[in-house]
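Hi,

Here is the structure I promised to pass on.

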Protein chains: 2
Amino acid sequence: MNIIVDAMGGDHAPREIVDGAIQAVKEFDVCITLVGLEPQVRAELAKYDYPQDKIELIHAEDTIDMHDPATSSIRKKKNSSISVGINLLKESKKYHAFISAGNTGAVVCASTYFLGMLPGVERPAIGLAIPTLKKFAFLIDVGANTDPKPEHLLQSAIMAKVYAQKVMNINDPRIGLLNIGAEETKGTDFMKETHRLFLERLSNFAGNIEANEIFSGRCDCIICDGYVGNVVIKISESLMESALALVRREVKKNPVSMMGALLMKSCMKDIKKHADYSEYGGAPLLGVNGLVMISHGRSNAKAIKNAIRATIREVENNMIDHVIKEVTADEAR
Amino acid sequence: MNIIVDAMGGDHAPREIVDGAIQAVKEFDVCITLVGLEPQVRAELAKYDYPQDKIELIHAEDTIDMHDPATSSIRKKKNSSISVGINLLKESKKYHAFISAGNTGAVVCASTYFLGMLPGVERPAIGLAIPTLKKFAFLIDVGANTDPKPEHLLQSAIMAKVYAQKVMNINDPRIGLLNIGAEETKGTDFMKETHRLFLERLSNFAGNIEANEIFSGRCDCIICDGYVGNVVIKISESLMESALALVRREVKKNPVSMMGALLMKSCMKDIKKHADYSEYGGAPLLGVNGLVMISHGRSNAKAIKNAIRATIREVENNMIDHVIKEVTADEAR
């Protein structure tokens, strides 16, 4: 198996990306093809002792910044690590998947443009495994399609079901539609129409789920548009950080509290581990005709390694074939 | 000053409502008119020693449940505590405001229907003061209008500015538009159009704000549609609860951590106080022709008392007159 990794994507590229790739080839049965500025990537590789036959390096002379506009940068920078990597995936059966911690919009745009969509899927969607009080749940879409139609959400739901079953090992995933009320009469016209469509076409539909239930673990797959999903993950991330910042600030005011915090350190570590997004290390871009994984811009080596592990699971379980099968089955109804 | 309080609204009505009202008349220079089922409310009142001339009781024989459909329950239950209360506010200059911890949709519906809209405002919006790392910020709309037009968000922004200045004592509030990217080219077509309108018409516009900045305190007023705003507050509330549940579960596994948690107790109390939504006790329903405050369904006596305090501030500062002035000034441009 050979997975292409964008060596230039993310805040800590190429250092952490290369480190993560090397950890992965040592731990898993996988080859990695790094795409990026050759001198920089080679300099990073030189720091490590690793099985040379398991890491390949392909030069790409352009890089796309996190803040570059997505569509125009893909059009203008023909030789960006993102475009070169995705085209490799498209053109050679040797490669099985592409991972990037770079500009999300650019990855979505390049994937849609170069790989095309799967038959029966009209729009891409980004899914994310999020920790709940029970186990991980799968939230989709977290930012690819901000203006979806009800049909798009149905396609996302079907893809989410396959992902939960095949990659997250959830046998019979309960699918919830994120809405502002439990009743089917709640929400915008768009939500009501989507609800009706889900009732009609989705076998595991568990009804509406309100935002305050996301982390309860009641549903395994939570479906929403890319605008709301993006707000949900950004709020969650920042709220936990703000809460921790507040705790740190208050703890420092009082030596007794500081002692308490010290005693709680190992317990807090366990909690952090439980709530660690990097467990899955990446968010699959679903719907495009190829396996693409988007990692957080802040990804460290561990997150990259975990993204590679999750991607291996996708490849091994023939995610794409299963998605095609399920979407086609739905269309035949 | 006389404020009408829905004695039957909320999970702990009438007990906590009556308790909160009595605390308020003792602490503040205000009279309270309780509206609800007379025998039940009278039984609660009988438990306390309070200045009898400062609390009035008006009977309303219907009650609206938290799960009743908003529009039809207002239409069918003519004598609900919500409808009776709002009609009192409309019909007599003796009353200055209405507070309910009951069915939000029903309060929005009855307020819009009976009070009508302020000149220049087309749709109601619910604002909420939320704790940030710096001070409180004002998030609007958290659920009244889920399908707004750009003009509605502009009207909400103007009302938010007045609220921040007059009630929250923020002199020169920075107004942010909640979006999924900082650049004005980001987000849905609706967001881009709203951004353009804000640039053109809003003097304190600080540009887009992303969801992960809400709790940083960078903006004083955060404007969004009622669907997204509702998701934001429900996520925030439940995430903090889930995090605390997780900490409690993990702490119990280890006596050292338990000791640590014990030592941190007073510090955690300070934090909880800092992050306490009930500081403001209620969310003003802005845009309707009367002062209406919506309290959380779970409100306890303290939250009701605080809602009454915030409402007194609204009355004293002539919120409605200022909103009319600002909206009219915008229209004259």
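Let me begin with one strand of chain B. Three bridges connect β7(B) with strand β8 (residues 205–209) of chain B, and the two run parallel; strands and helices here are DSSP runs numbered from the N terminus (E, at least two residues, for strands; H or I, at least four residues, for helices). Two strands count as paired if DSSP finds at least two bridges between them. In β8(B), I175(B) has F205(B) as its bridge partner.

Before I go on: this is a predicted model, in which local features need pLDDT of at least 70 and side-chain atom pairs count only at pLDDT 80 or more, while totals for chains, interfaces and linings use all residues. Residues are numbered from 1 along each chain as its sequence is written, chains are lettered from A and ligands numbered from 1 in the order in which they are written, and side-chain values use heavy atoms, with hydrogens and water left out.

Back to β7(B). Three bridges also join β7(B) to strand β9 (residues 221–223) of chain B, again parallel, and there I175(B) is partnered by C221(B). In a regular strand, side chains alternate between the two faces of the sheet. In β7 (residues 175–178) of chain B, I175(B) and L177(B) point one way, G176(B) and L178(B) the other, and all are buried (under 20% relative accessible area, with a 1.4 Å probe and protein chains only; exposed is over 50%, partly exposed in between). β7(B), helix α7 (residues 189–201) of chain B and β8(B) make up a right-handed β-α-β unit, meaning that with the strands pointing away from the viewer, the path from the first strand over the helix to the second runs clockwise.

Now the sheet in chain A. Its 11 strands form an open sheet with mixed pairing, in the order β3-β2-β1-β4-β11-β10-β5-β6-β9-β7-β8. At the edges are β3 (55–59) and β8 (205–209) of chain A, each pairing on one side only.

Cheers
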